[in-house]
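Let's work through some salt bridges together. Have the model open, and try each task before reading its solution.

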Amino acid sequence: MTAEDNRRILAYLRAHANEMVADLKRLITLESPTSCKPAVDELGAALAAELRGLGGAVEVIPKEAVGDVLRARWNPGEGGIVIMSHMDTVWDVGTLAGRPTRIDGDRLYGVGAMDMKGGIVIALWALRALRALDLFPAQPITYLLNSDEETGSRHSAAEIEQEALAHNVVFVTEPPQDGAYKTQRKGVSHYTITAKGRAAHSGADHENGVNAIEEIAHQVIAVEAMTDYAIGTTANVGVISGGTRPNVVPAEARVEINVRAWTRVNQAAIHEQMMSLKAAHPEAEIIVEGGVGVPPMERSPEIAALFKRAQALAAEMGIALEEGRTGGGSDGNKTAALGVPTLDGMGMVGEGGHAINEYGEISSLSERAAIMAAMLRETL
């Protein structure tokens with residue numbers, strides 16, 4: 001592969017920038033919230049047709065509770081690269097009617113534009129450019145599109161694991177972090193703490209009650225104290241509930257907690273702290289439930305090398321590419337935890353993910369597709 005080939009790829013994609021925008025607008029019209037299987041399947045059917053047109057051997061993997069998963073293969077065999085995207089969004093069907101797609105300069109505002117309809121467009125056009133310029137590699141390439149990433153990829157976890165382990169590297173088309181590819185993500189853990197006390201009349205028998213809300217307050221303070229910004233570990237009490245009436249000593253209260261950590265060591269350490277919590281009141285009881293939901297995507301030497309190669313290829317095309325990390329999780333956490341080198345954040349540059357001001361930068365479509373195309377030609 002030569003630098004001249006990469007510049008040809010970029011020139012081709014820039015020449016087709018308007019078509020890339022048109023494709024993104026079309027995908028946005030196919031609203032696809034995780035909770036609406038028919039809508040996700042409609043988008044999946046449209047994408048399956050595109051992938052077949054690009055020469056992919058497409059398989060639709062049926063799912064009952066969520067949209068079907070798509071898998072397309074080129075040059076089937078051992079090793080190679082798997083691209084991973086998700087078709088689902090956080091926006092309900094009908095959101096588009098109140099928030100129509102619009103363009104303001106280099107920004108395309110739209111429902112799910114950046115997260116991640118734009119990432120899908122980038123992957124499709126990277127493959128299209130390689131086909132059009134007769135530069136398609138001989139190594140195996142698989143494109144896996146799941147349907148429930150926004151709710152944790154629980155229904156597509158088996159396919160994600162299978163494809164990651166069958167390939168040498170994973171590319172994830174999540175949006176970048178302020179334009180930077182992601183080589184590190186925090187792991188996520190979830191916990192609930194239930195405090196049990198003893199109910200009593202708040203006026204006539206208060207001294208015989210054991211206040212579960214008071215007990216849970218002690219636990220909230222203990223959990224929040226586990227946050228350690230120096231190592232990037234956070235413990236957030238996000239939901240609290242308890243009690244029945246103001247004149248009753250509450251017998252039960254509950255909190256829900258979200259924990260984030262950069263490393264497995266730190267994730268395990270805070271898990272141990274959580275499970276070691278004790279009741280402050282001698283007659284109260286606490287029950288701690290939960291654990292690790294998603295392991296961290298740690299920046300391994302292999303992931304660092306993968307980024308450096310992408311950065312070098314981008315530089316050959318005159319594109320500046322930086323490295324970043326984020327506290328949010330993605331399917332990249334899962335694949336990296338399996339020991340498969342994973343490059344994340346290869347999607348559309350923009351801001352406002354999951355927010356009403358979500359937008360993607362139009363100029364990034366051709367540039368990021370060119371970097372992906374160049375990386376697909378690498379033997380990794």
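**Exercise 1.** Find what joins the side chains of arginine 14 and glutamate 367, and where each residue lies.

Solution. Start with the contact: arginine 14 and glutamate 367 form a salt bridge, with N to O at 3.1 Å (a side-chain nitrogen of Lys or Arg within 4 Å of a carboxyl oxygen of Asp or Glu). Helices here are DSSP runs (H or I, at least four residues), numbered from the N terminus. Finally, check accessibility: arginine 14 is partly exposed at 43% relative accessible area, and glutamate 367 is partly exposed at 23%. The classes are buried under 20%, exposed over 50% and partly exposed in between (1.4 Å probe, protein chains only).

A note on the source: this is a predicted model, where local features need pLDDT of at least 70, side-chain atom pairs count only at pLDDT 80 or more, and totals for chains, interfaces and linings use all residues. Residues are numbered from 1 along each chain as its sequence is written, and side-chain values use heavy atoms, leaving out hydrogens and water.

**Exercise 2.** Decide whether glutamate 378 is buried or exposed, and describe its pairing with arginine 309.

Solution. The two side chains meet in a salt bridge, 2.6 Å from N to O. Glutamate 378 sits in the segment after H11 and arginine 309 in helix H9 (residues 301-316), 69 residues apart. Glutamate 378 is buried at 11% relative accessibility, whereas arginine 309 is partly exposed at 31%.

Terms used: Helix = DSSP H or I, 4+ residues; strand = E, 2+ residues; numbered from the N terminus.
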